[in-house]
Amino acid sequence: MAKIYPQIIKGKFRSIKDITLIGLFLLYFCGSWIRWGRGERSPDQALLIDLPNRRAYLFGIEIWPDEIYYITGALILAALGLFFVTSLLGRIWCGYTCPHTVFTDIFLKIETFFQGDRNKRIKLDSSSYDIDKLTRKVATHISWLGIGFLFAFGWVGYFYDVKKLLQDLITLKVSGNATIWLFSLTASTYLFAGFVRQRVCMYMCPYGRFQSAMIDKETVLVTYDNERGEPRAGEGEQERGDCISCNKCVVVCPMGIDIRDGLQMECINCGLCVDACNSVMEKIGKPLDLIGYKSSVISNDQQKSKTILKHIFRAKTIIFSLVFVIVAGVMLYSLTNKSTCILSVSKDHGALFTVIPDGSIRNTYDIKIFNKSSRIKNTELTIEGMENIKFMVQDISEYVDKYNLKIKPDAELEYRVFIKIPNDNYNFKQKDIKFILKDLNTNEIIVKHNSFVVSR
Ligand code: SF4
Ligand code: SF4
């Protein structure tokens with residue numbers, strides 16, 4: 001596939017793209033610098049995936065490895081959001097917000113800065129190397145590598161305290177893993193945004209392939225108005241439409257396609273051809289939007305403004321948004337109510353029961369309590385399920401009916417618990433019991449079921 005030399009164009013959609021690009025760039029690079037106090041034992045980076053300690057931080061939320069389903073939920077939300085937006089506005093995500101588009105755009109701006117606009121770049125590429133060409137090319141590639149490294153640094157900063165990463169970079173003490181990631185992300189950004197470009201969207205990204213399943217006649221897409229534009233200039237002597245065959249919509253297209261050929265899988269709905277054609281229409285004094293964001297229904301509709309809401313609220317978009325709201329609601333509820341303590345209880349695998357010298361029957365259990373919060377937990381353990389039940393925790397020497405346990409932040413306690421009941425000739429072989437752990441600070445209660453065995 002021949003290299004594409006998109007021409008730079010000014011206009012409404014180019015400005016929206018630029019504002020989006022700057023906003024996303026800032027969001028990406030500033031995100032890892034936001035601090036969030038979590039006490040002394042936990043990192044203070046608001047957004048961090050702490051792989052060595054196996055947890056993720058999202059402001060006040062901590063995600064542990066056993067809560068990986070939140071990541072699945074987030075991916076489902078992202079997919080539903082994408083389906084919703086695609087059914088409304090086609091590949092608008094690709095045209096404005098996809099990281100590949102954003103970085104390709106930045107790379108193209110750098111290329112244009114050092115090598116000039118389309119015609120100059122074509123000329124430069126076809127000329128033989130001299131000092132001027134070499135300087136321009138070297139400056140472009142060094143800047144591309146710099147941006148690639150910035151992207152890599154930003155990414156690794158979400159996995160490695162970003163302040164420490166900066167210090168370690170300055171003192172050349174970055175860990176081996178981080179160095180490999182920095183190197184490979186720099187190289188892949190340089191390769192994909194600098195050279196592979198539109199081929200990623202055409203051949204590598206699956207989204208473009210299945211977008212056709214999400215769009216319909218009401219989806220707003222960049223469309224050429226055939227009725228108004230055809231026959232174009234240069235197509236015989238007959239009466240002409242508004243298209244003057246200037247080719248401007250083609251030369252600005254980052255995907256190298258001609259939107260006048262109709263809806264194409266390659267089109268990322270970026271709107272640059274709209275800006276290009278509108279600039280031509282302004283010059284020749286014709287109405288704007290020969291190419292524009294239109295749905296086939298809206299463009300044929302005589303009463304656009306009255307029915308626009310109907311196009312937005314249709315079965316497909318309502319279903320996507322409803323499922324989105326339900327999944328988001330479930331996730332939000334579960335995140336705000338999730339337990340910061342894990343209790344596990346397992347019965348001793350040795351003797352099923354023991355008769356102790358005072359005649360009571362005793363069962364033994366191993367309990368583990370894990371404090372997932374960054375604060376000390378004061379808890380109370382009780383056991384229910386039978387009359388006259390008493391238990392002894394291994395670090396005390398008396399049987400009690402409740403016991404207070406203090407667990408340090410991020411720490412696990414392991415205890416052996418002995419439960420005894422008087423031997424009163426019970427008419428059961430085993431009975432269900434409940435281990436109840438109450439957080440005395442939050443009143444949160446965790447219950448684990450197990451069984452008490454009195455005979456074989
Ligand atoms: S055809 Fe227009 S909207 Fe589609 S990718 Fe090309 S410039 Fe962007
Ligand atoms: S920019 Fe407009 S007038 Fe020029 S070729 Fe494209 S559609 Fe025709």
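Select residues 68–89. In this predicted model the span is 95% helix and 0% strand, where helices (H or I, at least four residues) and strands (E, at least two) are DSSP runs, numbered from the N terminus. Its end C-alpha atoms are 32 Å apart. Now pick residues 138–158. Here the chain is 90% helix and 0% strand, with 31 Å between the end C-alpha atoms.

Both spans carry the feature "transmembrane region" in an unreviewed UniProt entry. That record also places the feature at residues 20–36, 178–196 and 313–335. UniProt positions follow the numbering used here, feature names are shortened, and annotations may be inferred rather than shown by experiment.

**Zoom out**

Show the whole protein chain. It has 16 helices and 14 strands. Its radius of gyration, 32 Å, is well over the 23 Å that the globule rule gives for 456 residues, so the chain is more spread out than a compact globule. The radius is taken over C-alpha atoms, and the rule is 2.2 Å times the number of residues to the power 0.38. Along its principal axes, the C-alpha trace spans about 115 × 60 × 35 Å.

**The largest pocket**

Select Tyr-28, Ile-49, Pro-99, Trp-155 and Tyr-158. Of the 47 residues that line the largest pocket, these lie nearest its centre. The pocket's volume is about 2,000 Å³. Which helix gives the largest share of this lining? Helix H2 (residues 69–89) does, with six residues. Colour the lining by class: 39 residues are nonpolar, five polar and three charged. Ala, Val, Leu, Ile, Met, Phe, Trp, Tyr, Cys and Pro count as nonpolar, Asp, Glu, Lys and Arg as charged, and the others, Gly among them, as polar.

How are such spaces found? On a 1 Å grid over the protein atoms alone, a cavity is a set of points where a 1.4 Å probe fits but cannot get out; a pocket is an open set with protein on both sides within 12 Å along at least five of seven lines; lining residues have an atom within 4 Å of a point. Points are joined across faces, edges and corners, and a volume is the space filled by probe spheres set on them.

**The cavities**

The whole structure has six cavities of 30 Å³ or more. Select Pro-6, Thr-104, Asp-105, Leu-108 and Pro-254, the closest to its centre among its 21 lining residues. Helix H4 gives the most to this lining, six residues.

**The ligands**

Move to ligand 1. It sits in the second largest cavity, meaning that more than half of its atoms lie within 2 Å of the cavity's grid points. Residues around it, with a heavy atom within 4 Å, include Cys-253, Cys-267, Cys-270 and Cys-273. The shell has ten nonpolar, two polar and no charged residues.

**Two backbone stops**

Go to Pro-231, in the loop between helix H11 (226–229) and helix H12 (248–251). The peptide bond from Glu-230 to Pro-231 is cis, with omega near -10 degrees. Finish at Arg-54, in the loop between strand E1 (47–50) and strand E2 (55–58). Its phi is near 50 degrees, a positive value in a residue other than glycine.

**Reading notes**

Residues are numbered from 1 along each chain as its sequence is written, while chains are lettered from A and ligands numbered from 1 in the order in which they are written. Local features need pLDDT of at least 70, side-chain atom pairs count only at pLDDT 80 or more, and totals for chains, interfaces and linings use all residues; side-chain values use heavy atoms, leaving out hydrogens and water.
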